[in-house]
2 protein chains.
Amino acid sequence: MRGGVDINKKIRFVTSNEGKFGEAREILEGRGFEIERFDVGYPEIQSFELEEVANYGVKYLWEKFGGDLFLEDSGLFIDSLNGFPGVFSAYAFKTIGDEGILRLLSGNPDREAYFKSVISFCDEDGNSNLFSGVVRGRISEEECGKYGFGFDPIFLYGEETFAEISIEDKNKISHRRRALNDFIDWLEGR
Amino acid sequence: MRGGVDINKKIRFVTSNEGKFGEAREILEGRGFEIERFDVGYPEIQSFELEEVANYGVKYLWEKFGGDLFLEDSGLFIDSLNGFPGVFSAYAFKTIGDEGILRLLSGNPDREAYFKSVISFCDEDGNSNLFSGVVRGRISEEECGKYGFGFDPIFLYGEETFAEISIEDKNKISHRRRALNDFIDWLEGR
């Protein structure tokens, strides 16, 4: 046992994304927790808030599969577009892509944006907890870089886009890393 | 009784939208069905298909509130944007609006688009049926008209936008009207 959590009991990360799972495993195992991938679907509701989407999803999963599981949802929020694409980032990426975002901001000097990640964990009793991480940046004028995925090539963190930073380096500062850190701090303190 | 349906039993339309309800009531009552508004929330899942969103919602409502109820969901699908904004039309309208759509299509001659409405009905036994209506048109070069709501001012039906046609006239040809007609045909034939 460690801080009230039985570390011999694996925590299940509900995701179909191998990359996300690998990142989370590295961080969790590095701090003494076992994790396994649990590839099942869950409904993602339409809401303006990642927190609401994540909370609904994890409650649904708890009812079907029990607790000690978590999921992660993230999005790109652009200030001058009223938070668009936000919770619908995956859909926006698949339809209008990086190019669509650049078009929407064409000639617009206000390019402030942030990536946000929300983790929702549910224990065996159905109690859920949310953890979030944010990284602020700006939308570039054009796509740059070859790493990462999604909107990484147009998200400037300092002078470089997320797609110009190696995945290893990005994982040290990313919104997802920040949410995972908060989650693990909480797991250790339970 | 009429065609297997007890017309003394009211059908419940789950919507928070007074305008949608008024339109549906006029059409349903004109064909001998009683309808009442049922203003409760339901989860709208993230999916590329209106049908999936509507079906998930009506099943959720049936489990909580029983059957003989329906809901309606609609969206604007733009061919050259891979169907964007589609099922997320309400969200896209609230964030990037008509102006955002015009920007995304700026300089693009391929402006084909359609509005689609899907109605999902669930009976007392939990059997659900879907009905849909589509109206094809084009995205205009600028906003025109004062009627309607949402993307109506940029949706050209022939030479006029939906916002240049009176609501009464639009309701005769709209995607929602077409879906409602199919729904009522089916109700009569049950």
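How many helices and how many strands does the secondary structure of chain A come to? I began with this count, working on a predicted model, and I found six helices and seven strands in chain A. Reading from the N terminus on, I wrote the order of the elements down as β-α-β-α-β-α-α-β-β-β-β-α-α.

**Overall form of chain A**

I next looked up the extent of the chain, and the C-alpha atoms of chain A turned out to fill a box of roughly 55 × 30 × 25 Å, taken along the principal axes. The radius of gyration of chain A is 17 Å, which agrees with the value near 16 Å that a compact globule of 190 residues would have. I also noted that buried residues make up 41% of the 190 residues in chain A. Among the contacts in chain A with a separation of 6 or more, 61% are accounted for by residues 24 or more positions apart.

**The nonpolar core**

Which residues touch the most other members of the largest nonpolar core? That core has 93 residues, and the answer I recorded is A:Phe70 together with B:Phe70. I then listed the contacts of A:Phe70, leaving aside its neighbours within four places in sequence, and found A:Ile11, A:Phe13, A:Val14, A:Val58, A:Ile119, A:Ser120 and A:Phe121.

**The two chains together**

Turning to the interface, I found 18 residues of chain A in contact with 17 residues of chain B. On the side of chain A that touches chain B, α3 (89-95) and α4 (97-104) each supply at least two residues. Sorted by class, that side of chain A has nine nonpolar, six polar and three charged residues.

I then asked how the copies are related, and chain A can be laid on chain B with an RMSD of 0.0 Å by a turn of 180 degrees and a shift of 0.0 Å along the axis. This is the relation of a two-fold axis. In chain A, the C-alpha nearest the axis belongs to A:Ile45, at 1.9 Å from it. The same surface serves both copies, in that 94% of the contact residues of chain A recur in chain B.

**Backbone entries**

Most residues other than glycine have a negative phi, and most peptide bonds are trans. I therefore kept a separate list of departures from that pattern.

Where is there a cis peptide bond in chain A? I found one joining A:Phe84 and A:Pro85, with omega at about -5 degrees, and A:Pro85 lies in the loop between β3 (69-78) and α3 of chain A. In chain B, the peptide bond from B:Phe84 to B:Pro85 is likewise cis, with omega near -5 degrees, although the place of B:Pro85 is in strand β4 (residues 85-86) of chain B.

Is A:Asp68 buried, exposed or partly exposed? I counted 16 other C-beta atoms within 10 Å, so A:Asp68 is partly exposed.

The other entry is A:Asn82, which has a positive phi of about 55 degrees although it is not a glycine, and I placed A:Asn82 in the loop between β3 and α3 of chain A. A:Asn82 counts as partly exposed because it has 15 C-beta neighbours inside 10 Å.

Definitions and conventions:
Residues are numbered from 1 along each chain as its sequence is written. Chains are lettered from A and ligands numbered from 1 in the order in which they are written. This is a predicted model: local features need pLDDT of at least 70, side-chain atom pairs count only at pLDDT 80 or more; totals for chains, interfaces and linings use all residues. Two residues are in contact if their C-beta atoms, placed from the backbone, lie within 7 Å. Helices (H or I, at least four residues) and strands (E, at least two) are DSSP runs, numbered from the N terminus. Ala, Val, Leu, Ile, Met, Phe, Trp, Tyr, Cys and Pro count as nonpolar, Asp, Glu, Lys and Arg as charged, and the others, Gly among them, as polar. Copies are superposed by least squares on the C-alpha atoms of residues with pLDDT of at least 70 in both. A nonpolar core is a set of buried Ala, Val, Leu, Ile, Met, Phe, Trp, Tyr and Cys residues joined through C-beta atoms within 7 Å. A residue is buried if 20 or more other C-beta atoms lie within 10 Å of its own, exposed if 12 or fewer, and partly exposed in between; C-beta atoms are placed from the backbone. The radius of gyration is taken over C-alpha atoms; the globule rule is 2.2 Å times the number of residues to the power 0.38.
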